[in-house]
Amino acid sequence: MLNYLVNRLFTSIIVVIGVCSIVFLLIHLVPGDPVEVMLGESASPADRETLRRQLGLDQPLHRQWLLYLQDVARLDMGMSIHSRRPVTSLLAERLPATFILAVASIVVAVLIAIPAGIMAALRKNTLYDHVSMTVAMVGVAIPNFWLGPLLVLLFSFYLGWFPVSGMTGPLSLVLPAVTLGTALAALQSRMIRASLLEVLGENYIVAARARGLGEARVVLGHAMRNALLPVTTVLGAQLGALLTGAVVTEQIFDWPGLGLLTIEAIQKRDYPVLQGCILLISIIYVIINLLTDLVYVVLDPRVRLDNE
Amino acid sequence: MNKPVYLAVFITALWLVLGLMAGLELSDPDRIDLGRILEPPASGSLLGYDDLGRSIAARLVAGARTSLVVALTVVMISALVGTVVGITSAWFGGWWGRISVMLIDIFMAFPGLLLAIALAGILGPGVSNAIIALAVVGWVGFARLARAQTLSVRERDHVLAARAMGTRTPVILVKHILPLILAPLIVQATFDIAGAVIAEATLSFLGLGVQPPAASWGSMIRDGVRYMLSAPHMVVAPGAAIFLVVLSINILGDRLRDRLDVRMLNGRREPAAPRETLA
């Protein structure tokens, strides 16, 4: 168990260093001179030199790399070219909005997926099952940059229930969260149905029923506990897509989070900010995956045995 | 085969045909008709006109070509690179095995399309940069899968026999390993085509894909959002196109997976559908 934890933690650290290195290399992929691209052609040679030195671009590549890793370890991601503020404080400013959006869309997804998945599994091969699984299939295929505008058209323009965009209170969270949560709900409900069906055939379910337990006790108390295991593990991978989806969703709804900051940084060619966004989102993703694995180990004793 | 599968085959075939046909310029997607700006669908103009007075039907067909070219190129490059990396990683092991596993882990650590968005943003917009950005992200799935599959068949008797007979390594890999691991790779490629269609549209929606006046379903939605209230048909048509193509390819992928009896795709971390479909 301890071995597994240490091993997993060690791999994650290497992965984080690798992620930092790739993010570091991004700025060197800018076609032409990154300093010129950022400042524009009208910048004075002195300004260019200052920025070049500030970004460390006058140093040899391996030294730049080491400096970058050092800076990131000290939580120093440089200065925004555009707003002249530290990237770290920009990120800190935007992180809460993305966090709220992500949590809300997971809540939306779970609220839809768990009941829908359970009902579909319990009524396998009925009309309800077919309809809800078709809806799920459709939900996965709908791109959120299409769903978002359609929701705005219906609920904001026609019905006037929710604000069109911006972060102006609880109501403004509804449409972005539904936009981002739909695909997740669709995937999750399919997963829950499949894994619940597998579990419902087990002997201990038959035993629970034989003991005369009510259907609700059997399903929620006995079956769901195990059925949720595989669902937990895929959640990690799905959260990655959720974080990317947030970039698009924030763009649609003008939601002031990390995703919007990423796109703004691309448009303004503010590369230190772009690097900071990608790095932060990726590291969050690595940590989530690490936690998912740990939760899995805690939930499933068999994994612990396998690794010892 | 049941009805949804027929429909999926039909829609996918239609996408392929329209995508290839767009080059023949049956109707000009760039022709501007100032009298018909934002004209809604009516008899004679099936899907209406956009904010510049261009036929949406014609642009939809041109967009089919963009998504087809990008999706197929990205998946071909990703599959080729990923499979070569995966097979050689599992076969040779050693330092190459360690480095490739580390690379796979690192690239898997970037969530979904995020790295592609950053790359496309840095390299600048355009079809070829979009393809590069998506392929840089896309090879990893194939590499992981090919590696895991190769590890599981490496010790089979016929492989051992081939080695004992002194068969050259490349021949073993291509003739004795590849055929055994091809089925899951094909299934993965099918799902990845659907993922690449969404990915291309996502990049174009964010303004990082094809540049105007070239048409992409993603950039059509981007343009249309500004006229949501007065001309919703600008958004509805391209979105429906993406949705139908992705849904159809996913249905075909599911079908293919059942046919080829591929149980688990990528071990436990991969959901049943491809990761990118959420983006």
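**Exercise 1. Find how many salt bridges there are between domain 1 of chain A and domain 2 of chain A, and which residues form them.**

Step 1. Apply the rule: a salt bridge is a side-chain nitrogen of Lys or Arg within 4 Å of a carboxyl oxygen of Asp or Glu. Between domain 1 of chain A and domain 2 of chain A, the count is one salt bridge.

Step 2. Name the pair: Arg8(A) and Asp293(A) meet through their side chains, 2.7 Å from N to O.

The model is predicted: local features need pLDDT of at least 70, side-chain atom pairs count only at pLDDT 80 or more, and totals for chains, interfaces and linings use all residues. Residues are numbered from 1 along each chain as its sequence is written, chains are lettered from A and ligands numbered from 1 in the order in which they are written, and side-chain values use heavy atoms, with hydrogens and water left out.

**Exercise 2. Describe the contact between domain 1 of chain A and domain 2 of chain A.**

Step 1. Count residues in contact (heavy atoms within 4.5 Å): domain 1 of chain A brings 18 and domain 2 of chain A brings 15.

Step 2. Take the buried area, which is the accessible area (1.4 Å probe) that two parts lose on being put together, summed over both. For these two domains of chain A the value is about 1500 Å², with 79% of it on carbon and sulfur atoms.

**Exercise 3. Describe the interface of chain A and chain B.**

Step 1. Count the residues: 58 from chain A and 49 from chain B take part in the contact.

Step 2. Give the area: chain A and chain B bury about 4700 Å² between them, 78% of it on carbon and sulfur atoms. Of the area that chain A buries against chain B, 14% comes from Phe145(A), Trp146(A) and Thr244(A), more than from any other three residues.

Step 3. Look for charged pairs. The rule finds one salt bridge across the interface of chain A and chain B. Arg190(A) and Asp254(B) form a salt bridge, with their closest N and O atoms 3.4 Å apart.
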